[in-house]
Amino acid sequence: MEQVDIRSLTLEQLKDEIARMGEKPFRAAQLYGWMHVKLVESYEEMTNLPAAFRERLYREYPLTVLKAVREQTSQIDGTKKFLFALPDGNLVESVWMKYKHGNSVCISSQVGCRMGCKFCASTLDGLERNLLPSEMLEQIYRIQKLTGERVSNVVVMGSGEPLDNYENLLVFLHMLTDEHGLHISQRNVTVSTCGIVPKMYELAKEKLQITLALSLHATTDEKRRALMPIANRYRIAELMEACGHYFKETGRRITFEYSLVGGVNDTPEDAGELAGLAGPLGSHVNLIPVNPIKERNFTQSDRRAIDRFKNNLEKNKINVTIRREMGRDIDGACGQLRRRHMEKDRRGEREE
Ligand code: SAH
């Protein structure tokens with residue numbers, strides 16, 4: 001019989017499982033509260049459950065818990081990067097950022113990634129596997145426990161392509177935002193995608209109030225294909241149609257992410273074209289100065305080019321922000337901490 005990942009069950013599913021076990025129905029809510037509100041790491045901590053029941057759970061339902069194997073704190077802004085070991089030994093990284101309006105956690109949705117974006121460190125070794133709902137939730141749970149501070153915002157912008165792990169993502173979003181768990185408001189959750197068009201249409205049907213962010217990064221199909229292989233599958237025109245549809249269905253405007261790569265996509269002409277795409281959709285543009293990775297020779301646009309780009313968008317009445325570079329001093333770019341750790345492991349070195 002296939003083992004059930006008990007921490008990935010919604011409350012309804014857990015009720016069914018408890019019934020199958022022949023246990024009292026009210027145990028489901030108790031157990032759910034321990035896992036998703038009190039965020040425990042073991043059955044032992046569930047002190048109001050009978051010992052025999054805990055013993056049975058321990059034997060039959062291994063509890064998914066992530067172990068922090070590294071924690072780095074930025075000296076500049078207090079941002080923390082966590083490297084977590086999954087139950088099977090795979091590693092994922094997550095980031096904790098402190099803002100005036102609350103604490104935000106950026107989580108990974110897959111181990112590795114198969115999208116192949118040219119500037120991204122997460123995809124260099126391809127996809128290892130999808131994360132389970134419990135493994136996405138646990139990144140947030142462990143961070144809330146380790147920092148001792150409430151998490152109010154979640155962004156699915158770490159390693160992996162969330163819409164390439166669609167079913168697990170939906171369960172995760174449901175469990176993260178529903179009233180029986182951490183109950184984070186859907187409006188405080190952002191999911192970032194490289195633009196898998198059919199999944200954007202599927203997601204629209206869910207009518208969630210989350211923010212969907214689209215990694216655009218270029219304004220012509222030709223330029224986009226040079227940066228993102230996914231652009232060979234979907235044209236920008238199709239993407240824009242999907243964005244319009246998503247807005248119509250959910251009432252939520254799509255945010256565009258645009259990583260500025262020096263000499264590649266940062267000219268005034270690019271800015272003009274980007275305004276032409278964002279304007280009709282009322283989309284907010286988030287500019288990300290590219291974070292260079294050593295495996296590729298992309299460079300960041302210089303400060304003047306970045307400011308000029310932003311001004312050009314603003315002249316066209318586009319709402320634009322430059323993403324603050326949080327934690328630059330701690331292996332900033334997605335997937336870099338994990339890679340560095342694994343490289344060291346392969347060389348037999350250990351950092352303490
Ligand atoms: N798969 C999702 C999440 C990726 S990470 C997506 O494609 O949206 C979140 C954002 O950071 C994406 O826009 C991604 O393209 C961008 N990104 C990844 N590596 C980067 C780097 N080295 N510098 C700047 N932006 C990067």
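A salt bridge is counted here when a side-chain nitrogen of Lys or Arg lies within 4 Å of a carboxyl oxygen of Asp or Glu. The model under discussion is a predicted one. With an N to O distance of 3.6 Å, the side chains of Glu-238 and Arg-235 form a salt bridge, because the cut-off for such a contact is 4 Å.

**Salt bridges**

Under this rule, the model contains 21 salt bridges.

| Pair | N to O distance |
|---|---|
| Glu-138 and Arg-7 | 3.2 Å |
| Glu-238 and Arg-235 | 3.6 Å |
| Lys-310 and Glu-314 | 3.3 Å |

The side chains of Glu-138 and Arg-7 meet in a salt bridge at 3.2 Å, N to O. Glu-138 belongs to helix H4 (residues 133-147), while Arg-7 is in the segment before helix H1 (11-21), so this contact ties together parts that are 131 residues apart in sequence. Both of these residues, Glu-138 and Arg-7, are buried. The contact also belongs to a network of salt bridges that links Arg-7, Glu-138 and Arg-142.

**Helix H4 and its end**

How many residues does H4 have, and how far does it reach from its first C-alpha to its last? The helix has 15 residues and spans 22 Å between those atoms, close to the 21 Å expected at 1.5 Å a residue. H4 is mostly covered, as 13 of its 15 residues are buried. Just after H4 comes Gly-148, with a positive phi of about 70 degrees.

**Positive phi in residues other than glycine**

His-183 is a residue other than glycine that takes a positive phi, near 55 degrees. The loop that holds His-183 runs between helix H5 (166-177) and strand E8 (189-193). The relative accessible area of His-183 is 47%, and this residue is therefore partly exposed.

Lys-317, also a residue other than glycine, has a positive phi near 65 degrees. Its place is the loop between H10 and strand E12 (320-322). Is Lys-317 buried or exposed? At 76% relative accessibility, Lys-317 counts as exposed, because the term applies to values over 50%.

**Aromatic rings**

A pair of aromatic rings is described by the distance of the centres and the angle of the planes. The model has two aromatic pairs. In one of them, Phe-82 and Phe-84 are stacked, with 5.8 Å from centre to centre and 10 degrees between the planes. Phe-82 is buried, its relative accessible area being 0%, and Phe-84 is buried with a value of 0% as well.

Tyr-258 and Phe-309 also form a stacked pair, with 5.2 Å from centre to centre and 25 degrees between the planes. Tyr-258 lies in strand E10 (residues 255-260) and Phe-309 in helix H10, so the pair ties together parts that are 51 residues apart in sequence. Tyr-258 and Phe-309 are both buried.

A charged side chain also meets an aromatic ring in this model: Lys-38 lies over the face of Trp-34, at 4.1 Å from the ring centre.

**The second largest pocket**

Rolling a probe the size of a water molecule over the atoms shows where empty space is left. The second largest pocket holds about 340 Å³ of space. Its lining consists of 18 residues, and those nearest the centre of the pocket are Gln-3, Val-4, Asp-5, Thr-64 and Leu-132. Which helix gives the most to the lining of the second largest pocket? That helix is H5, with three residues. H4 and H5 each supply at least two residues of this lining.

Notes:
Residues numbered from 1 in each chain as written. Predicted model: local features only at pLDDT ≥ 70, side-chain atom pairs only at ≥ 80, totals over all residues. Heavy atoms only, no water. Helix = DSSP H or I, 4+ residues; strand = E, 2+ residues; numbered from the N terminus. Buried < 20%, exposed > 50% of the residue type's maximum accessible area, 1.4 Å probe, protein only. Expected span 1.5 Å × (residues − 1). Phe/Tyr/Trp six-rings, centres within 6.5 Å; stacked < 30°, edge-to-face > 60°. Lys NZ or Arg CZ within 6 Å of the ring centre and 35° of its normal. 1 Å grid on protein atoms, 1.4 Å probe; cavity = no way out; pocket = protein on both sides within 12 Å on 5 of 7 lines; lining within 4 Å. Points joined across faces, edges and corners; volume = space filled by probe spheres on them.
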